[in-house]
There are 2 protein chains.
Amino acid sequence: MNADISFQDIQRAAERIQAIVRPTPVMTSRSFDAVAGVSAFFKCENFQRGGAFKIRGASNFVYSIPKEQLGRGVVGYSSGNHAQAVAIAAASVGIPATLVMPEDAPKSKLEATRGYGARVITYDRMSGNREAIGRKISEETGATLIPPFDHPWIIAGQGTAALEFLSEVPDLDALVIPIGGGGLISGCAIAAKALRPSIRILGVEPEDGNDTLLSLRAGARTEIPMPQSIADGLRATKPGAITFPIVQKYVEDIILVSDREIRDAMKFLMTRLKIVVEPSGAVTAAALQCHKLPAGLKRVGAILSGGNVDLEFLQTL
Amino acid sequence: MNADISFQDIQRAAERIQAIVRPTPVMTSRSFDAVAGVSAFFKCENFQRGGAFKIRGASNFVYSIPKEQLGRGVVGYSSGNHAQAVAIAAASVGIPATLVMPEDAPKSKLEATRGYGARVITYDRMSGNREAIGRKISEETGATLIPPFDHPWIIAGQGTAALEFLSEVPDLDALVIPIGGGGLISGCAIAAKALRPSIRILGVEPEDGNDTLLSLRAGARTEIPMPQSIADGLRATKPGAITFPIVQKYVEDIILVSDREIRDAMKFLMTRLKIVVEPSGAVTAAALQCHKLPAGLKRVGAILSGGNVDLEFLQTL
């Protein structure tokens with residue numbers, strides 16, 4: 001399989017998934033802009049089907065599986081949002097889905113994944129190896145393994161978020177995007193740079209989930225201990241083999257945000273924009289709110305990547 | 001002043017206020033529909049400027065004040081959302097605004113009103129008479145008194161919400177609308193019935209704020225004790241003199257919802273639709289979620305009238 005992902009791959013992905021993906025609105029807020037000192041445009045993937053952008057990549061993957069293989073179903077591993085996305089995409093074509101999820105994943109994500117008809121297998125995040133469990137199930141059942149980020153079909157699917165974003169707001173100076181494994185930022189960077197070569201791509205990681213920042217500095221993929229950040233979707237320990245070279249090529253800088261900054265951003269989004277964004281989705285708003293962008297940016301697009309958060313967590317804000 | 005409000009008055013209001021009012025999105029949710037058993041369309045006035053529909057009426061009022069009178073400013077009384085709306089509308093034309101607000105109004109509403117540059121005077125909700133305080137200020141300063149609901153300019157302004165809603169989703173079977181003093185439902189009923197005579201208009205009140213239901217049954221405006229419902233924007237004790245005949249003419253039925261049902265609806269809206277709706281705004285969703293609609297409705301439009309709620313309150317859900 002060719003790991004080179006082209007703009008055309010992303011355009012084709014957008015056509016392939018258009019029936020299942022919801023075009024999400026872009027929101028603005030005078031009060032946020034006054035605090036951040038820029039004109040912020042929020043791409044609300046928290047309103048996406050399954051509550052996060054993940055359906056873009058997962059459905060592009062499922063719809064790209066050869067027909068003769070599709071019937072044996074799919075298996076995925078995920079802290080939550082990718083799991084829901086795989087479950088929805090599998091259900092849309094009537095194939096079985098098995099998801100390997102950490103036992104401490106937000107309850108809402110576990111329940112929602114089961115609610116879409118998938119089988120859920122939990123594991124201990126600290127001791128278990130979700131990739132190995134997923135591979136074993138794939139080998140035993142013939143189900144196709146859908147990795148959470150490090151695959152061209154996933155990356156091309158996630159890139160449709162930027163395709164859509166720039167069709168809604170074409171004249172952005174920069175795109176600010178959360179980084180877990182790097183699937184979203186890789187796809188979005190390819191799409192955005194093709195549409196608008198001058199656009200600047202900035203990534204955001206939690207302070208203790210800085211594997212991509214360290215990898216960029218080292219010039220090679222660097223592994224870190226399991227992050228403990230509240231941004232549960234960004235707890236990757238190492239950039240992907242396919243995503244990292246794309247990040248190296250396109251991402252200008254990585255901004256780190258603390259759990260406290262993420263909480264403050266979530267509060268602002270709830271009380272002023274009236275939207276619920278999960279910690280992993282709010283890191284971009286946190287970066288803007290805390291004035292962590294490079295100087296000189298005026299019109300900044302930020303992806304709010306998801307909204308799946310337990311009420312219990314919101315009560316701790 | 002002519003209390004007959006025509007469809008043309010509402011169309012003219014829409015033109016008058018289009019620069020200050022934000023067209024709000026209509027949201028749908030498969031998971032909500034599955035629970036409610038209807039196709040629900042939510043008009044998200046929680047995303048409106050000032051966080052509620054009130055800017056529609058307030059700005060239509062301010063922009064209708066004769067020029068020679070405008071410079072002396074405006075005064076309003078409100079549990080919160082109308083206050084913010086008057087403050088924003090006044091600021092937009094550079095005139096002073098004074099707002100009389102209950103001292104126990106949500107902190108966010110008091111702060112936001114002051115944040116828009118208005119002077120805020122608080123009073124005790126149980127003992128004070130906000131109308132009298134407002135009238136006194138108006139007499140002393142020459143400021144124009146902007147009542148919260150019972151005025152043709154306010155009603156015409158609020159009606160623009162339905163004008164916009166039906167342009168977005170024309171083929172609704174019913175509109176479900178919160179009732180406080182009746183300004184929103186009156187204006188919306190006039191607009192909706194003109195555009196789509198077959199549409200059914202349903203009101204929603206909190207259980208202990210059932211002044212309009214009792215008034216409809218009695219055939220005359222009936223006063224109730226001050227409601228204690230969590231729906232702080234719907235604590236009117238008596239329908240308006242102008243709004244009540246309009247409600248009598250157009251509103252088919254009134255649905256009552258409990259505080260518990262309102263809380264459940266707010267939770268669903270937060271965790272599944274990812275939006276923050278205040279108790280007064282969530283009463284319509286509660287009515288749908290609890291299957292309180294008349295039988296036979298398929299496509300139901302519900303106005304989520306506002307989103308101004310303290311984080312402290314959300315923590316009690």
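This is a predicted model: local features need pLDDT of at least 70, side-chain atom pairs count only at pLDDT 80 or more; totals for chains, interfaces and linings use all residues.
View 1. Helices are DSSP runs (H or I, at least four residues), numbered from the N terminus. The crossing of α8(B) past α9(B) is right-handed (the near helix is turned clockwise from the far one by less than a right angle).

**View 2. Residues in the contact of α8(B) with α9(B) (heavy atoms within 4.5 Å).** From α8(B), the contact includes B:Ile155, B:Gln158 and B:Leu166; among their counterparts in α9(B) are B:Leu184, B:Cys188 and B:Leu195. The contact residues comprise ten nonpolar, five polar and no charged (Ala, Val, Leu, Ile, Met, Phe, Trp, Tyr, Cys and Pro count as nonpolar; Asp, Glu, Lys and Arg as charged; the others, Gly among them, as polar).

**View 3. The contact between chain A and chain B.** Each chain is represented: 22 residues from chain A and 22 residues from chain B. About 1,900 Å² is buried, 58% of it from carbon and sulfur atoms (accessible area, 1.4 Å probe, lost on putting the two parts together, summed over both). A:Lys274, A:Leu311 and A:Gln315 lose the most area in chain A, together 33% of what that side buries.

Residues are numbered from 1 along each chain, and chains are lettered from A in the order written. Local features need pLDDT of at least 70 and side-chain atom pairs 80 or more, while totals for chains, interfaces and linings use all residues; side-chain values use heavy atoms, without hydrogens and water.

Methods: Helices (H or I, at least four residues) and strands (E, at least two) are DSSP runs, numbered from the N terminus.
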